[in-house]
Amino acid sequence: MLLTDEQVTKLMMINNEVITTEKTEHYKMLAPIYFDVAVEYCNNPAITIDNALVFIAKAIQFYSNKAGLVSRSMGTVSYAYTTDLPTSVLLLLKPYKKLRW
């Protein structure tokens, strides 16, 4: 799946990113991955990229920043990160989620 330049610009604007060539390529590379996560989480293959734009932008922002840092120690330098998206990001997909029986 390829994103249009307009969609990538929207993603970057949601996160208040400065639009550069490097950032644009970064978003173009990660957006299809998080779109697949959204489709799988929602159990809804009919979801469109435009429906999931805010989720994709916030997921990219979450994993790009140090937002996933859970613990840190300075002795022998140890960091621990969470790999799960926070519920505040997953709640953005709630209107598109299908029930599983």
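A salt bridge (a side-chain nitrogen of Lys or Arg within 4 Å of a carboxyl oxygen of Asp or Glu) links D5 and K28, whose closest N and O atoms are 3.1 Å apart. D5 belongs to helix α1 (residues 5-14) and K28 to helix α2 (residues 21-42), so this pair ties together parts that are 23 residues apart in sequence. Helices here are DSSP runs of H or I with at least four residues, numbered from the N terminus. D5 is exposed, at 52% relative accessibility, whereas K28 is partly exposed, at 30%; exposed denotes over 50% relative accessible area, buried under 20%, and partly exposed the range in between (1.4 Å probe, protein chains only).

The model is predicted: local features require pLDDT of at least 70 and side-chain atom pairs count only at pLDDT 80 or more, while totals for chains, interfaces and linings use all residues. Residues are numbered from 1 along each chain as its sequence is written, and side-chain values use heavy atoms, with hydrogens and water left out.

Under the salt-bridge criterion, the count is three. Side chains of opposite charge can pair when their charged atoms come close. Within helix α1, K10 and E6 are four residues apart, which means a separation of about one helical turn, and their side chains form a salt bridge with an N to O distance of 3.6 Å. K10 is partly exposed, with a relative accessible area of 35%, and E6 is exposed at 55%.

A further salt bridge joins K23 to E17, with 3.3 Å between the closest N and O atoms. K23 is partly exposed at 32% relative accessible area, and E17 is likewise partly exposed, at 25%.

Note on methods: Helices (H or I, at least four residues) and strands (E, at least two) are DSSP runs, numbered from the N terminus.
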